[in-house]
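Here are a few exercises to work through with the model open beside you. Try each task before reading its solution.

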Amino acid sequence: LRRGPFMEMALSRGLRCCQRVFSWIPVLIITAVVLWSYYAYVFELCLFTISNTLEKAVYLLVFHVCFGMFSWTYWKSIFTPPATPCKKFQLSYSDKQRYEMEERPDAQKQILVEIAKKLPIFTRTQSGAIRFCDRCQVLKPDRCHHCSVCETCVLKMDHHCPWVNNCVGFSNYKFFLLFLAYSMLYCVFITATVLQYFLKFWVGDLPNGPAKFHILFLMFVALMFFVSLMFLFTYHCWLVAKNRSTLEAFSAPVFASGPDRNGFSLGLHRNLLQVFGEDRKLWFIPVFTSQGNGHYFPLRSQSSESHNPLLANEDMWDESDDGSEGSLGKFSFLFITQICSRNFFFKFFSPYTIIFISSTD
């Protein structure tokens, strides 16, 4: 039977709706594990197992601080919308008509070159052309990529993470790093404080009961998540130190002079400031402090192209409706991963730290 346009449209919408529903499953899994860990630690360990009042009070106080920071950063990572290019990077009505009516690819490329001269765009495609998104109809700012999952161009896109059901980029990269850091701290604190009671249950010094299962399982889960998070966090710290996104680590950005993996690196100190901002008191709090607006990033080279007069007043690129908020971290170390084509998927050590990268360019 032949399907009509209405049937195909309804099927497409149904599939998209199912995809959106299923995309929340990883978040629900993490939430369920964290809520169970809260019950196991607060009730089974602190209230039902520990008898020393001072020890119980200290454990509960520190635990709730770690739990609060973890929850805050996780919330911000999930619900901070990806920053998208502002209207200045969209084709005007006349430019769009001229581009669509032109059938010659070389002439289309020349039209984009003329438009890009008015914008702070320095990166190119592998062939040297201006990066343009046919889906969003925008000239891509430097470090911007189209996410096929979010179906939009994302400023300074790093990757699409199923565990936060969001695209990690300029607006929330700092929050994502803090989420990894506080997740590790949460796991370390649980492991350190549960260890002695884990050993007592293991050797039989404490009576069997419901608390035994929760404490034994809590120890294993905390250790497993800590190992996974450690590799992922270390890798992102290395990226921050080099001022690279995950996409740029695998495919070097291309400039007029050619590919350059360190094209945006300004040195460790300035790289950190670009992500965390100049107010160090706010570095470890999930509030937006990153420098810039996500549309322009200083270049390492002092070549003539970086002296574009359009950049003399960077405020001209600020937009109140950008949705710009976002991103980076510290330290160094490279973790080897695997890639599969342009739309690719890779993971760090365990299924608990899967990162999904979906970029069309």
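Helices here are DSSP runs of H or I with at least four residues, and strands are E runs of at least two, numbered from the N terminus. Keep in mind that this is a predicted model.

**Exercise 1.** Work out how many helices and strands the protein has, and what share of its residues is buried.

*Solution.* Next, take buried as under 20% relative accessible area. By that cut-off, 49% of the 361 residues are buried. Finally, look at contacts between residues at least 6 apart in sequence: 66% of them join residues at least 24 apart.

**Exercise 2.** Find the second largest pocket and say which helix gives the most to its lining.

*Solution.* You're looking for a pocket of about 270 Å³. Its lining includes Arg16, Gln19, Arg20, Trp24, Cys150, Glu151 and His160. Now sort the lining by class: three residues are nonpolar, five polar and three charged. Then check the helices: α1 (residues 5–22) gives the most, with three residues. Last, bring in the domains: domain 1 (11–84 + 165–302) and domain 2 (87–164) each supply at least three lining residues.

**Exercise 3.** Describe what the buried residues of α9 pack against, and what happens just after this helix.

*Solution.* First locate α9 at residues 268–276. Its buried residues are Asn271, Leu272, Leu273, Gln274, Val275 and Phe276. Follow their contacts and you reach α6 (173–203) and α7 (210–242). Then step just past α9, where glycine 277 takes a positive phi of about 90°.

Notes: Residues numbered from 1 in each chain as written. Predicted model: local features only at pLDDT ≥ 70, side-chain atom pairs only at ≥ 80, totals over all residues. Heavy atoms only, no water. Buried < 20%, exposed > 50% of the residue type's maximum accessible area, 1.4 Å probe, protein only. Contact = heavy atoms within 4.5 Å. 1 Å grid on protein atoms, 1.4 Å probe; cavity = no way out; pocket = protein on both sides within 12 Å on 5 of 7 lines; lining within 4 Å. Points joined across faces, edges and corners; volume = space filled by probe spheres on them. Nonpolar A, V, L, I, M, F, W, Y, C, P; charged D, E, K, R; others polar. Domains from an automatic or database assignment.
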